[in-house]
Amino acid sequence: MLEKEFHVTALGELLIDMTPYGTSDQGNSLLEANPGGAPCNVLAMVSKLGGKTAFIGKVGKDAFGDLLEETLLSQNINTEGLVKDPRYCTTLAFVHLDSKGERSFSFYRKPGADMMLEQQEINQSLIKKAKIFHFGTLSMTNEPVLSATKFAIDLAMESGCIISFDPNIRPLLWDSLENAKAQMEYGFSKCHVLKVSEEEIQLATGINDAGKAVQVLCNKFPNIKLVLVTAGEKGSFFYHNNVQGFVEPFLHDETIDTTGAGDAFMGSCLYEIAKCGLSSLNEEKLYHILRFANAAASLVITKKGALKAMPNRDTVEDFIKKYEN
């Protein structure tokens, strides 16, 4: 088995979030091209905390693809697994923000380059050398990236990686919610660490009570060792070894854009899991991990965009101290 060089390797979408940026002198809406995509947002947070990361995915051989490659390099994310394909355009996500900074999306992705990653294009060594392999469902909406993702998951399992899964459901990208649920279940059947929102776990199980839904999932999929549930301004909770713990949020009135909050949370958790492993986790350690993760998420929503908005450790710790005082 190869030496585990990377804390986290992630596979999935890398795209441009076109985020509202006011209006022009003529009254036209202005948009800012923010690098994004949940898997890379997670990697950016891990890198900010000092972890080594690598990304596997596809962008277009175009100006946006060049921007994304430069951004990954600036965030110390390994790009050996990034494919730039001249046949397809880099995927664009248009972010719509309400008065509270809550976002919704529309996508230019029929197809987008991220959908067209093929199995033979996967840099296998980046998976074999990772402690954690992370993925979501946006790389499971269509072929050929669906088959590529499943191949990568199987390789990660063979390589002894901890498998991490965040469904990150975007209903507009699915031909049906039933298909989305089916791919969620596939992810549940493979992962050791699962991060879900309250809405996603309700969709997956049909159960309104998130705590009961988690227990149902863990009984059905015993490979899941740790569940992390995010509930926005209500905080987060974990479920591990039949122990459930709640962690309060860091509330403030400076929310600008909630894009990337869950990814900052997940990246913070994965970095700690990569360092200590799953077997050493206990209730006290998980409480402190999630408290830091909640704070990181709370900081990200004070900025527009996601990938470049991830805070470093000192910033998060200073924020916690000021909040507590």
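Helix H4, residues 145-158, has 14 residues and reaches 20 Å from its first C-alpha to its last, close to the 20 Å expected at 1.5 Å a residue, where the expected span is 1.5 Å times one less than the number of residues. Helices here are DSSP runs of H or I with at least four residues, strands are DSSP runs of E with at least two, and both are numbered from the N terminus. This is a predicted model, in which local features need pLDDT of at least 70 and side-chain atom pairs count only at pLDDT 80 or more, while totals for chains, interfaces and linings use all residues. Residues are numbered from 1 along each chain as its sequence is written, and side-chain values use heavy atoms, with hydrogens and water left out.

- Among the buried residues of H4 are Val 145, Leu 146, Ala 152, Ile 153 and Leu 155, buried meaning under 20% relative accessible area, exposed over 50% and partly exposed in between, with a 1.4 Å probe and protein chains only.
- The cover over these buried residues includes strand S1 (6-11), helix H3 (124-128), strand S8 (130-136), strand S9 (162-166) and helix H5 (177-190), contact being heavy atoms within 4.5 Å.
- Just after H4, Gly 160 takes a positive phi of about 80°.

**The sheet**

- An open sheet of 9 strands runs in the order S5-S4-S1-S8-S9-S10-S11-S12-S13 with mixed pairing, two strands being paired if DSSP finds at least two bridges between them.
- Because strand S5 (77-85) and strand S13 (243-247) stand at the edges with a single partner strand each, one side of each is left without a neighbour in the sheet.
- Neighbouring strands of this sheet are turned by 20° against each other on average, direction ignored, with axes fitted as lines to C-alpha atoms, for helices over the stretch in contact, and angles running from 0 to 180 degrees between N-to-C directions.
- Strand S1, with 6 of its 6 residues buried, pairs with S8 in the parallel sense over 4 bridges, and the partner of Phe 6 in S8 is Ala 130.
- S1 is also joined by 4 bridges to the parallel strand S4, residues 53-60, where Ala 10 has Phe 55 as its bridge partner.
- Helix H1, residues 38-48, lies across S1, S4, S5 and S8 and runs at about 145° to S4.

**Cysteines**

- A search of the whole structure finds 0 disulfides, a disulfide being a pair of cysteine sulfur atoms within 2.5 Å.
- Cys 89 is in no disulfide, and the nearest cysteine sulfur, that of Cys 40, is 19 Å away; Cys 89 counts as exposed at 57% relative accessibility.
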